[in-house]
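Visitor: I would like to learn how to read a protein model, one feature at a time. Could you take me through this one slowly?

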Amino acid sequence: MGKVCRHFMAVLGTSLYTDCIYEVEGTDFARQTPYAQLAVLKYLEEQGRSTDKISILLTDRAKEQNWFSRAYTEREKEQLTGRGMQIKPEEKKTGLSELLKEACPHVPVTPVRIPEGRSQEELDGIFETIYGIIKPGETVCFDFTHGLRNIPMQVLTIIHYAKALKHIKVDGMYYGAYELGEKRDGISHVRLLDMTMCSEILNWTSAAESFVESGNSAQIWSLYGTGKQKGGRKTREDAVIKSLHDLTNCISTCRGKTEDSPEKSIRKAYEEFRGHYELMKKHQEEMSAAPLARLFDRIWEELKIFLQKWYVIKDGRKIPLDSTSTGAAVVRWAVEKGQTQLGFTALEEMIVTYVGECCGLPAEDQDVRETIIGGPLGYMIHTYGAYKKRKNENLPEEELEQICRRAGEEKTAEREEELEKMKRKAGLEKVRDIAGEMLEYNERMKHVVREIPMELIRLASSIVQYRNTLNHFGFQKNVMYYKTLQGNLKKLYEQMLRIMESEGAVLEQMME
């Protein structure tokens, strides 16, 4: 991999520039020169940020006035006298090209003509010209001190355009605030302002917008990594961004089980994010940038759906549906962010979880989930779907319901027989205890099979079909339109919530 080219770009204006001393706040840097471009180049040099090539953007008039050395006009002599400067009769005005050759003798310098921007056509010309001289993969530093008022906005736009299409990096954006200079010892002292934060704010804004639209935190994570390389971000911000990264990756990889690690559990990652975010809010004065705090306020609004908590009342007791709540939040997230496959996966698993939690079964236990709950429930769903596919049969729903329940009863009976056998023949007491516990769970599942609403079985049957077509990459006889999948995810999710509410499930009021 070759060396990255460091490209310094600047605008040259038409004003009568005179010597001033450019300074950078918080440093000992000071450079006396009439041109801010030279000051920026020397400042970069002192920081060890060498320049490989220089491009100076200039209009025809700027080229005439300030690029080449020339004699002063009588009017300019009068202006300089008014500023307290005495010009010798044969003294010439030194152009920027000559000073650049002296200051950077080994760096190629290219003057680049741009129009003045008096029309849309000329503005488009400026855009294309600047974009055209930026090469893929370069590191760009830009000084827009001497540009017309429209130049800074155009430059910022072009740089971000080039970042997307040419994969450039921005090493700095500078402005010499000449109009705010202070006279000391007969010469103006001018602050050289680092405006790179404007580009960084745009980066973070774009990343936050990407997150809000798609639920993807990759852009935020990438910016965070860049900031860490520069030694930029503080500890609280580190924790917030890392936990957001964990959360979105747990969501996208369907980590629905409640675990201790935020890298294996949506719920744990959300709790970590919430804790770090609230701590960051309490100490906003320590944050590196206030705009970042406001962007995370917007991100927090999107994540409030994970505050939702469902519960049911059974025998006078409030039974929390924690895993069901996580599943419901993820499905809603998938609907809002257009993550259709994730949504159908979460919705199908949410049904298994809901059935288990409602009857007091440990729905996160793999054995209980797959055999005690998933076995009979899956058989009921499969039976319903199989009968519905038979074109020659048109069974009444009442009869189909009886067939489905018998199918579920068969599975619970099979499981009961297996567990009884295990309990009788197990040589270890621990195995006998496990079999006894599973038998108790299976007994509860028998009640579920008898009482589960058929609306839930019908819903689950539809979800299985959609999930299958997604998982099989659409390689089926009757390929569904993507709009069908996207639209039906939302409808089936809403149907699931209505079934839960009809069964007595309650959604607690969100508390921030």
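**A loop and its backbone**

Guide: Asp315 is found in the loop between strand 12 and strand 13 (317-321), where helices (H or I, at least four residues) and strands (E, at least two) are DSSP runs, numbered from the N terminus. This is a predicted model, in which local features need pLDDT of at least 70 and side-chain atom pairs count only at pLDDT 80 or more, while totals for chains, interfaces and linings use all residues. Residues are numbered from 1 along each chain as its sequence is written, and side-chain values use heavy atoms, with hydrogens and water left out.

Visitor: What is the phi of Asp315, and is Asp315 buried or exposed?

Guide: Buried means under 20% relative accessible area, exposed means over 50%, and partly exposed lies in between, with a 1.4 Å probe and protein chains only. Asp315 has a relative accessibility of 75% and so counts as exposed, and its phi is positive, about 55°, although Asp315 is not a glycine.

Visitor: Where is Phe473 placed, and what is its phi?

Guide: Phe473 lies in the loop between helix 17 and helix 18, and its phi is near 65°, a positive value in a residue other than glycine. With 71% relative accessibility, Phe473 counts as exposed.

Visitor: How do I check the span of a helix, and what is the result for helix 16?

Guide: The expected span of a helix is 1.5 Å times one less than its number of residues. Helix 16 (residues 429-451) has 23 residues and should therefore span 33 Å, which agrees with the 34 Å between its end C-alpha atoms. Helix 18 (residues 482-502), with 21 residues, reaches 30 Å from its first C-alpha to its last, close to the 30 Å expected.

Visitor: Which residues of helix 18 are buried, and what covers them?

Guide: The buried residues of helix 18 include Leu485, Leu489, Tyr493 and Met500. Contact means heavy atoms within 4.5 Å, and what covers these buried residues includes strand 12 (310-314), helix 12 (322-337), helix 13 and helix 17 (454-471). In helix 16, the buried residues include Ala435, Tyr441, Asn442 and Lys446, and their cover includes helix 13 (340-358), helix 14 (366-389) and helix 15 (397-425). Just after helix 18, Gly504 takes a positive phi of about 100°.

Visitor: Where is Glu508, and which residues does Glu508 touch?

Guide: Glu508 sits in the segment after strand 14 (506-507), and at 31% relative accessibility Glu508 counts as partly exposed. Leaving aside residues up to four places away in sequence, Glu508 touches Lys309, Tyr311 and Lys318. Glu508 and Arg75, in turn, are 433 residues apart in sequence and 78 Å apart in space, C-alpha to C-alpha.

Visitor: How many helices and strands are there in the protein chain, and why is the chain described as more spread out than a compact globule?

Guide: The protein chain has 18 helices and 14 strands. The radius of gyration is taken over C-alpha atoms, and the globule rule is 2.2 Å times the number of residues to the power 0.38. For 512 residues the rule gives 24 Å, and the radius of gyration of the protein chain is 34 Å, well over that value, so the chain is more spread out than a compact globule. Along the principal axes, its C-alpha atoms fill a box of roughly 115 × 50 × 45 Å, and 46% of the 512 residues count as buried.
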